[in-house]
Amino acid sequence: GWLAAYASLLCRQPQANFISGPVLLTGPDSLFTMLMGLEFAGLVGVGAACLARRQPTMCNGANLAYRRAAFEAVGGFADNAHLASGDDEFLLHKIHAAFPGTAHFLADAAAIARTAAPLTLRALLRQRVRWASKWRYYHSAAPRRLALLVLGANVAIAVGIGAGLIWPALWPWVLAAWVLKLGADAWFLVPVLRFFEQRQWIWGLLPLQILYAPYALAVG
């Protein structure tokens with residue numbers, strides 16, 4: 001089904017030079033795996049949405065395809081071969097810059113690639129630090145803006161709690177910010193989780209939000 005799904009998209013988009021496919025984390029049935037899977041599904045969803053807006057930010061090397069001619073035209077991986085992470089995303093950004101509008105997301109369940117989640121918190125943090133290490137090398141503005149937005153929003157939510165403890169009059173504003181953030185996240189994630197047939201993961205949204213600020217700061 002994987003090859004057929006890619007072939008179908010190429011029939012619909014014959015000028016495509018880069019295709020990003022969906023990736024689902026797998027692992028033991030635990031809260032830790034659910035939170036990782038939920039976060040990763042969010043990353044996949046954001047990457048798909050940004051591609052739809054023709055402002056690509058992220059993709060995953062576990063599931064993608066690109067034309068050899070486009071790869072050679074942008075110099076392949078030559079200018080980032082010395083970096084520990086990011087070859088997939090740097091290639092996406094270069095192909096988009098050279099051939100605008102030819103990068104697409106493959107929203108077909110038959111094309112889902114499944115990959116094992118990190119088994120421990122230490123392994124997860126090591127992976128995320130490796131991923132985050134490429135941030136300073138982005139030349140495209142879209143992924144930089146996205147990274148700052150995610151970090152700023154989650155840290156602001158955590159800072160709001162501290163501010164509410166010091167100035168109780170701020171609590172209505174802090175709670176309103178939490179409701180707005182969680183509501184927006186749920187609105188975005190529900191169709192993504194439906195696509196992956198993992199709707200039950202939505203119950204991890206609140207604990208993930210509580211943990212995300214220290215997690216994002218630690219990785220940063």
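Predicted model: local features only at pLDDT ≥ 70, side-chain atom pairs only at ≥ 80, totals over all residues.
Me: Why is Ile161 called partly exposed?

Reply: Ile161 has a relative accessibility of 32%. Buried requires under 20% and exposed requires over 50%, with partly exposed in between; Ile161 therefore counts as partly exposed. The residue belongs to helix α6, which covers residues 141–166.

Me: Which residues is Ile161 in contact with, leaving aside its neighbours within four places in sequence?

Reply: They are Trp171, Val174 and Trp178. Contact here means heavy atoms within 4.5 Å.

Me: How far apart are Ile161 and Tyr66 in sequence and in space?

Reply: In sequence, 95 residues separate Ile161 from Tyr66, and their C-alpha atoms lie 45 Å apart in space.

Me: What makes β3 and β4 edge strands?

Reply: The open sheet of 3 strands has the order β3-β1-β4, with mixed pairing. Each of β3 (64–66) and β4 (103–105) pairs on one side only. Neighbouring strands of this sheet are turned by 15 degrees against each other on average, direction ignored.

Me: Which strands do helices α1 and α2 lie across?

Reply: Helix α1, residues 2–12, lies across β1, β3 and β4 and runs at about 135 degrees to β1. Helix α2, residues 31–52, lies across β1 and β4, at about 135 degrees to β4.

How values were computed. Residues numbered from 1 in each chain as written. Heavy atoms only, no water. Pairing = 2+ DSSP bridges. Helix = DSSP H or I, 4+ residues; strand = E, 2+ residues; numbered from the N terminus. Axes fitted to C-alpha atoms, helices over the stretch in contact; angles between N-to-C directions. Buried < 20%, exposed > 50% of the residue type's maximum accessible area, 1.4 Å probe, protein only.
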